[in-house]
Amino acid sequence: MSEPAVLVDRDGHVVTVTLNRPDKRNAFNAEVLCRLCDAWDLIDGDADVRVAILTGAGGNFSAGADLDRLVGALLSGKPTENEFEERIKADFNLIFKGFLKDYVLTKPIIGAVEGYCYAGGTEILQALDIRVVAESAQIAITEVQRGLFPMSGSTVRLPRQIPYTLAMEMLLVGEPITARRAYEIGLVGHVVPDGQALTRARELADRIAANGPLAVKGIKQSVIASQCLPEKEAFVKEMEIGMAVMSSEDAREGPKAFLEKRTPDFKGR
C-alpha cells in the first residue's frame, strides 16, 4: 500500500506535516489538499500541540498545483477518481482551506523549503509565520505563464509582505527568484545550506514549543487580528488578548520559574 500524499508526524509538542508526492515534486492534488485540511484540524484541535512545521519530501517543497487532476479535471467537470476528489467536489472551499488562504492556524507554523517552491508552493509559503529556505531553493509564482490566476491569496498577500514593485514583478513575470533574493526582499527569514531547512525549522519549533503556549497563541492572534485595523482599534484588541494571557496560570508560572532558576512548567491554562 502506498504512503499517503501528506505525512503527519508528532514529536512532543511539535507536529511536522510533509507533502509526500516526491515523484510529482509534491504537486497539490485533491488528496494533498484534503489531508492538509485534516492536518490543520488536528493541529488546532489538540491543546498539546504548540507549533507546526510544513515541508516537502524528496528534496522539493512543492512545484504547485497538479495541472492534470486539480486544475484540469476538477475545474473542467470530469468524473472524480477517488474519495478526495469527491470531498472537494462537494466542498470546493477545501482547496482554499488546504492552502491556508482563508483558514488561519491558531498555532505558529514554520516552513522548511528545499528545491522547487513554485506556484501553489509559494502561495502557501506566504501563509506561514516563519520561513526557512535552503540555499539552492527556487521560489516563483508561475500561474501567469500558464494563463492561470494565483487563486490562493498571492495577489493580496504578496504586495503586503514585500515591496509593491517586487511583488508585481513576481506575479506578472512568473520567473523564479533565488533563496538569497527572497531573503533580501523579506519574503523569507532564514537561508541555510541545502539539506538543512528542516533541521533549522525544528530548532525554531523547539524554541517556540518551550515558551508559554497561551502567550504564543495570543501573540499570533493579536498580530493577525490587528493587521487591518487602525492603530487605536488594534491596541484595544491587543489589550483584550494580552490581558487574557496575563491573567493565566502560565503567566504566574513563568516569572516564578525565573526567580527559582528552573525551567517553567507551562500547562497552557
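Which residues are exposed on the other side of helix 11? The model examined here is predicted. Helix 11 covers residues 231-246 and has 16 residues. From its first C-alpha to its last, helix 11 reaches 21 Å, close to the 22 Å expected at 1.5 Å a residue. Its buried residues are Ala234, Ile241 and Val245. Seen down the axis of helix 11, these buried residues fall within an arc of 55 degrees, so they line one face of the helix. The other side of helix 11 holds the exposed residues Lys232, Val236, Met239, Glu240 and Met246. The cover over the buried residues of helix 11 includes helix 10 (213-226) and helix 12 (249-259).

The largest nonpolar core has 51 residues. Leu36, Trp40, Leu54 and Ile139 have the most contacts inside this core. Helix 1 (residues 30-45) gives the most to the core, with nine residues. A second core is separate and has 14 residues, including Val132, Ala197, Ala205 and Val216.

Leucine 54 shows the packing in detail. Residues up to four places away in sequence are not counted here.

Helix 6 (residues 154-161) and helix 7 (residues 164-173) pack at an angle of about 145 degrees. Their axes lie 7 Å apart. Helix 6 passes helix 7 in a right-handed crossing. At the contact, Ser154, Thr155, Leu158 and Pro159 of helix 6 meet Ala167, Met170 and Leu171 of helix 7.

Methods:
Residues numbered from 1 in each chain as written. Predicted model: local features only at pLDDT ≥ 70, side-chain atom pairs only at ≥ 80, totals over all residues. Heavy atoms only, no water. Core = buried A, V, L, I, M, F, W, Y, C linked by side-chain atoms within 4.5 Å. Buried < 20%, exposed > 50% of the residue type's maximum accessible area, 1.4 Å probe, protein only. Helix = DSSP H or I, 4+ residues; strand = E, 2+ residues; numbered from the N terminus. Contact = heavy atoms within 4.5 Å. Expected span 1.5 Å × (residues − 1). Arc of directions from axis to C-beta. Axes fitted to C-alpha atoms, helices over the stretch in contact; angles between N-to-C directions. Left-handed = near helix turned anticlockwise from the far one by under 90°.
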